Amino acid sequence: MDKKNTIEGRKRPQLNIPLENLEFDNENPRLAKEYQGATQIDIFKVLLEHFNLEEIAFSMAENGYFEEEPIVVVPCNLPKTFKMNAYDTIGKLQDALEEIMKEKNIKFIVVEGNRRTATAKILTDISLREKLKIKESFPKPRDEDIGNDLKVIPAILYSDRKDISPYLG
């Protein structure tokens, strides 16, 4: 079997990614045209105002992050020498990605799951809550374990945005 087909087939690597390494998709087609290309903080504001993050926050604050619902990401600054198709199994690719994530500050763009990502960031970052002027009634994690659970969330990694189109429909 061709290596490219093994890695680029239906299976994708899944990683646990720290929230600080996740960025919103400013090309998200769900965003109004005036927000295409917006800053991260502006996207936060749009998500808060128009996408009912509080509804998700109640569940996350009580239960943490459901591993069964990984977000979908693309890397935005992998080293040019890193080749995703250089590995013959998803497990080896995941291991290599986890290793490089430890060594470098790799960022990922959230193509699917921006609401969940935004909610987790708001629930875990007090300074962000203040910056966004989050109302006091917005949920907070039930306990420290849940807060810690929300700081790293599962993500399925695609090497390129165009590869995600079939998934998104």
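1. The largest pocket holds about 170 Å³ of space. A pocket here is an open set of points on a 1 Å grid over the protein atoms alone, where a 1.4 Å probe fits, with protein on both sides within 12 Å along at least five of seven lines. The volume is the space filled by probe spheres set on the points.

2. This is a predicted model, in which local features need pLDDT of at least 70 and side-chain atom pairs pLDDT 80 or more, while totals for chains, interfaces and linings use all residues. Residues are numbered from 1 along each chain, and side-chain values use heavy atoms, without hydrogens and water.

3. Residues lining the largest pocket (an atom within 4 Å of a point) include Asn28, Arg30, Phe51, Ile56 and Glu112. Helix α5 gives the largest share of this lining, three residues. By class, the lining has four nonpolar, three polar and four charged residues.

4. Helix α3 (residues 53–63) and helix α5 (residues 114–124) have axes that come within 9 Å and cross at roughly 65 degrees. Axes are lines fitted to C-alpha atoms over the stretch in contact, with angles from 0 to 180 degrees between N-to-C directions.

5. Glutamate 54 lies in α3 and lysine 135 in the loop between α6 and α7, 81 residues apart.

How values were computed:
Helices (H or I, at least four residues) and strands (E, at least two) are DSSP runs, numbered from the N terminus. Ala, Val, Leu, Ile, Met, Phe, Trp, Tyr, Cys and Pro count as nonpolar, Asp, Glu, Lys and Arg as charged, and the others, Gly among them, as polar.
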